[in-house]
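The following exercises concern a single structure. Please examine the sequence and the model before reading each solution.

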Amino acid sequence: MRAVVIPRFGPPDVLEVREVDVRPPREGEVRIAVRAAAVNPTDIATRSGLVAAAYEQFDPPYIAGMDAAGVIESAGPGSSSNRFAVGDEVMGIVMPRRQEGGAHSELIVTPAAAVVHKPSALTVEEAAMLPMNGLTALEALSILDLQPGATLAITGGAGHLAAFVMTLARRAGVRVIADGRPEEADTIRSHGADEVVARGPGVEQRIRAAAGGGVDGVLDTALIGSSLYPCIADGGVLACVRTFTGAPPERGIRVREVWVRERLSDTAGLEQLAALADQGVFGFLDVAGRFTPDEAADAHRMIEAGGVRGRPLIIF
């Protein structure tokens, strides 16, 4: 089957389309004929070598991609696999840090626990943008552990992950303050932000002013880091995506890292996201661009350029 491979770490032009062997599914696994696979910032980190150490135990070429939607091509034995029949439309999360690689392939094998039926309200393309960021949002909110009435600040408020977190936080009764450009403010509010402050230097002071004091928690999707401490109340939480490398926390502030790998087998979480999608909750699953496997480098460039709403997709 064709796959978009990374023969060596580097710029987008290193990407190649190659024929790869895909093994049959084993017990508790399914094999999916991928129709659409999202391209996310984590795929840029993989291709560029930013997370090269995570791949040292595997031989190249590597295959990026954590989001996929398509149809069940075959299923291995086991009760979890028996949830599916051949031809079922599904969506799932895939871990690329394995020898078999990730979702940017015509055919992928993945644990059945990482797959659920596609929400009926979504197209296959829309479903391909839901699992990874949706599960990351669930993990972030679990780590933040904010109660109804608490205040959450989100950096990178116009981003895809932020939209998920704002939507879920507001449903949980949490007040949300997010940053963004003036032209993004209406969109950010439509995703669930109660207030929007200008992004850029000094954002921590603007967040504190909007909150009328320190916020209970911050989700730092923009990777601003420890300079956000001044906007956080004593004993609050700074949750950051990726590894935290900032200054030690102060005033009892707790720093937590958010990793979606903690949710790779979270069938219940995926089912929760699917149910919410069928209720029309996620109205921001916009296709930023459709690319053939041979055009995957252009999809990577789109993410690297920033300002993307929704996600570019590789269509198989």
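Two exercises with worked solutions follow.

The model is predicted: local features need pLDDT of at least 70, side-chain atom pairs count only at pLDDT 80 or more, and totals for chains, interfaces and linings use all residues. Residues are numbered from 1 along each chain as its sequence is written, and side-chain values use heavy atoms, with hydrogens and water left out.

**Exercise 1.** Determine which residues of helix α7 are buried and what they pack against.

*Solution.* Step 1: helices are DSSP runs of H or I with at least four residues, and strands are runs of E with at least two, both numbered from the N terminus. Step 2: helix α7 has 12 residues (267-278), which at 1.5 Å a residue should span 16 Å, and its end C-alpha atoms lie 17 Å apart, in agreement; the expected span is 1.5 Å times one less than the number of residues. Step 3: buried means under 20% relative accessible area with a 1.4 Å probe, protein chains only. In α7, Gly269, Leu270, Leu273, Ala274, Leu276 and Ala277 are buried. They cover an arc of only 165° around the axis, so they lie on the same side of α7; the arc is that of the directions from the helix axis to the C-beta atoms. Step 4: with contact set at heavy atoms within 4.5 Å, the buried residues of α7 pack against β5 (89-93), β7 (115-117), α3 (131-144) and α4 (160-171).

**Exercise 2.** Describe the surroundings of Pro12.

*Solution.* Step 1: Pro12 sits in the loop between β1 (2-5) and β2 (16-19). Step 2: Pro12 has a relative accessible area of 9% and is therefore buried. Step 3: leaving aside residues up to four places away in sequence, Pro12 touches Arg47, Ala297, His300, Arg301 and Glu304.

Notes. Buried means under 20% relative accessible area, exposed over 50%, partly exposed in between (1.4 Å probe, protein chains only).
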